[in-house]
Amino acid sequence: MNRQQLTLLSIAGVFVILLVVRAFTGNGFGRIYVERGEAAFVKVEVPVLDAPDGNVESEGVRSMWVDASSDEAVDFAAAESPRAGWYSVKPVSPRVYFEATISDDALQAALSSPFESTIGSTDLGTALETWRLALLEKANAEAAVQAEPSVEINWKALHAAGFDRKTSITVTPGSDFKTSLGAIFDAAQAAGDSDADTTVVVADGRAIVTTTADDVVPAIGLSWPRTIGLWLAAIFTLAIFSFLYKDNPFYKIAESVVVGVSAAYWMVIGLWDMIVPNLLGQLFPGFVQGNLLPGLGTADPNWAYLVPAIFGALLLMRLAPKGQYLSLWTLAFIVGTTAALRMVAYIEGDFLSQIKATIEPLYQEVMNADGTVNGYSSFWASVRQITLLIGVLSCLTYFFFSVEHKGVVGKVARVGIWFLMITFGAAFGFTVMGRIALLAARFEFLFDDWLWLIDPTNQRSVAAAVGGLF
Amino acid sequence: MNLIDRMANLDRRWIFLMMGLAVGIPIIVIGITGKTLPEEPTPLAQAAFDVLDGLEPGSRILMAWDFDPASEGELGPMATSFIRQCAQKGHRMYFIALWPVGAQMIRSSTSRVIGGYYPDLVYGKDWVDLGFKAGNEAVIKTIVTDFAQYFPTDARGTSVNAIPMMEGITSLADFDALVNASAGYPGSKEWVLYAATPLKKPLIIGCTGVQAPQMYPYVPNQVQGLLGAIKGAAEYESIVNNWVRSEQLLDALESGGITEPTSSELAARFAAAPSEAVTWTTEAAAASMSPEAKTKLIELATAPIPGIFLEAQRRMGPQLVAHLLMIGLIIAGNIVFFATRRRGGSQ
């Protein structure tokens, strides 16, 4: 590496370091945010109301998995009901993250403000909902033109701790929202509910009533795996673009990765979308349904599928040191069936249908809605049909080599060449348009998803995007 | 060295740079200002819209997404608009893919449109993702007569027997229309040859610019609607955007007490010129509407169109500048060629 290359590389390195540092400070850019939540389901036995009058039939009970916070979960879950839970992650707009961050103050201010609603005698669910709506109204007023905060009751955690939304309580609210919430839970505990500690957590623009401060709090945060994926996509895009300057190692790496990943992807897709359901699923339906694809219906084995299995195995003989000729049988079968399939389709779809579409009257009559002839449209439709006929005949003449292209035949063939040239020009124009659209899409990705220079889908505010530049 | 010599020996990397700027700068300008170029729909784009619009709500539409991320820039906006029209109209959508990565394209477009703007649609009742199937045209040829042979489950592994909207689907003949977004082989041509022609089913094609010239001969007998490249996508997108806006305005007007045919005329007028809705609400003709209904009408008329439904129209800006650059380069190239030939240079 000579001195000039070293200098250029150093400048590029410093630029990249500055880019990365800027990306991960402040509002930055090139980040993907996700919302982490807990998905909890409980298995319940729900009566089936088959009778017209709503009465439950004696054996009309079905088991089902329902959201742990749903009414069905509260009403029909037994203490020993099996539960399933996991963390779910869903991408959110960076706007949500930014705006959520600035609205925590509004929530804290609202929690300290006087509670002016009345609750009285009701159930725990209604009391908490009254409190929630009042806090939401107050927080929105505090937030003013800023983002609207959200207020949630984490019923999953409350149910798990032993609180029941149907518990009857009588509440005397406190002076502010925090003390009023404490009064609601005190009343629930006095009525026999859980004695677990409850709290209200403010984080990421949300106030969440839950049992512990650090348990199952949905949070919006940076997703490192997705962010790294975004940066890799951007870097590989630039690596491919670098070929426009000249061939280089970055381009070669990106090219090799594309080829390798595509080959691997094809193999996996071929296995799971073709061989497993369409071959193994036919030969061993019970095994496939029990171990690989639970959704696949069970049926008797279809032994006719041994034929494609054998042909497939023969095709692999190309890789064997001996007996490669066996793969030719499969290839012959593929070539033969493909040719036959295409011949029929092309004769019907391309040959006969196109001839039929060409043999139309030269005078085309276009009618108005009231049944009269539209002269203008009829004229141009007729011109189109005549042009089509001239084009077809002249192009066929050009490709008719049994007669020397002289005299009239030569002139007609020359018209055919013009038609062909116009067709190629139109095809080239369409191709250019397509390629520019693809380039525009890649630029949009770089400017929007990566650099946050633009925000056409309103993912972030313009201010955040421009702020990311400086 | 004079100008002609310099241009004759111009390093092609300068042209790459000019093309990059011609595409990049309009993207930034349009991205910041939000302004797009007006689109005048051609009969082909209008025909594509009319086919889906003419079907009764609840019709079964097979949507084949035969493309990959490499052509997503052209076909993604078409896919988005196809789904939007079908969802708004209330058609049932059956998604399949003959390209391996088409399965991801289905997930991407459905999550963006259905997940974001039509969350009320129920999976399995209003739309279903049947995923990718290998086999190219053999898949089409087979499902023309036996749909379940290639699609025993959906993309999530659920048996089609357990999916309500699959009831009564035994072959391609059970669908009311076919929609195909295609980037090559297998794609539009195969759907024309193996499905639309023998079954005489309405087929709407959205294809890349490279494919479009090959598809024109099939219009209108074998292909009823054709969207060629990003231009076709932009035209169709503008038709669907106007139609959705007028449908929303029609609902608002009718819920405010304005009856047909006045409501339809006003909805179409306000969709084309949103500012007229603001002035109309102050006129005597709007006196029967409540203040809330008027506010809702104005909000709907003036609300910006979501960015994902303007993708194709945004990309027409770079098209314009890049094409102007190309025309300029072609003229310059010809001038250089003839000037060099006149001087006796290379021919």
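This is a predicted model: local features need pLDDT of at least 70, side-chain atom pairs count only at pLDDT 80 or more; totals for chains, interfaces and linings use all residues.
1. Burial in chain B. Buried residues account for 46% of the 347 residues in chain B. In chain A, 21% of the 470 residues count as buried.

2. Secondary structure and contacts. Chain B contains 14 helices and six strands, while chain A contains 15 helices and nine strands. Among the contacts in chain B with a separation of 6 or more, 74% are made by residues 24 or more positions apart. The corresponding share in chain A is 57%.

3. Extent and domains of chain B. The C-alpha trace of chain B spans about 75 × 60 × 35 Å along its principal axes. The chain is divided into domain 1, covering 43-239, and domain 2, covering 256-302. Taken over C-alpha atoms, the centres of domain 1 and domain 2 of chain B are separated by 35 Å.

4. Confidence. The mean pLDDT of chain B is 91, and 99% of its residues score at least 70. Within chain B, confidence is highest in strand S1, at 97, and lowest in helix H13 (residues 291-302), at a mean of 85. For the complex, the predictor gives an ipTM of 0.90 and a pTM of 0.80.

5. The sheet of chain B. Six strands of chain B form an open sheet with parallel pairing, in the order S3-S2-S1-S4-S5-S6. Its edges are strand S3 (127-132) and strand S6 (225-228) of chain B, each of which pairs on one side only. Neighbouring strands of this sheet are turned by 15 degrees against each other on average, with direction ignored. Helix H3 (residues 43-54) of chain B packs on the sheet and touches strand S4 (177-182), strand S5 (203-207) and strand S6 of chain B. The direction of H3 makes about 130 degrees with that of S6(B).

6. Strand pairing in chain B. Strand S1 (residues 60-66) and strand S2 (residues 92-97) of chain B run parallel and are joined by five bridges. Within this pair, B:Ala64 has B:Ile96 in S2(B) as its bridge partner. S5(B) and S6(B) also run parallel, joined by four bridges. Here the bridge partner of B:Gly206 is B:Leu227 in S6(B).

7. Which residues of S6(B) are buried on its two sides? B:Gly225 and B:Leu227 are buried on one side, and B:Leu226 and B:Gly228 are buried on the other, so that both faces of S6(B) are covered.

8. A sheet in chain A. Three strands of chain A form an open sheet in the order S5-S8-S7, with mixed pairing. The edge strands are S5 (150-153) and S7 (199-203) of chain A, each pairing on one side only. On average, neighbouring strands of this sheet are turned by 20 degrees against each other, direction ignored. S5(A) pairs with strand S8 (residues 206-210) of chain A in the parallel sense over four bridges, and A:Val151 has A:Ala207 in S8(A) as its bridge partner.

9. Helices on the sheet of chain A. Helix H4 (residues 104-111) of chain A packs on the sheet, touching S7 and S8 of chain A, and its direction makes about 155 degrees with that of S7(A). Helix H5 (residues 124-143) of chain A packs on the sheet as well, touching S5 and S8 of chain A. The direction of H5 makes about 165 degrees with that of S5(A).

10. The interface. In the complex, 49 residues of chain A are in contact with 50 residues of chain B. On the chain A side, helix H9 (249-283), helix H12 (326-358) and helix H14 (407-450) each supply at least two residues. Which element gives the most to this side? H14(A) does, with 18 residues. The residues of chain A that touch chain B divide into 31 nonpolar, twelve polar and six charged.

Technical notes. Residues are numbered from 1 along each chain as its sequence is written. Chains are lettered from A and ligands numbered from 1 in the order in which they are written. Two strands pair if DSSP finds at least two bridges between them. Axes are lines fitted to C-alpha atoms, for helices over the stretch in contact, and angles run from 0 to 180 degrees between N-to-C directions. Two residues are in contact if their C-beta atoms, placed from the backbone, lie within 7 Å. pLDDT is the predictor's confidence in each residue, from 0 to 100. Ala, Val, Leu, Ile, Met, Phe, Trp, Tyr, Cys and Pro count as nonpolar, Asp, Glu, Lys and Arg as charged, and the others, Gly among them, as polar. Domain bounds come from an automatic or database domain assignment. A residue is buried if 20 or more other C-beta atoms lie within 10 Å of its own, exposed if 12 or fewer, and partly exposed in between; C-beta atoms are placed from the backbone.
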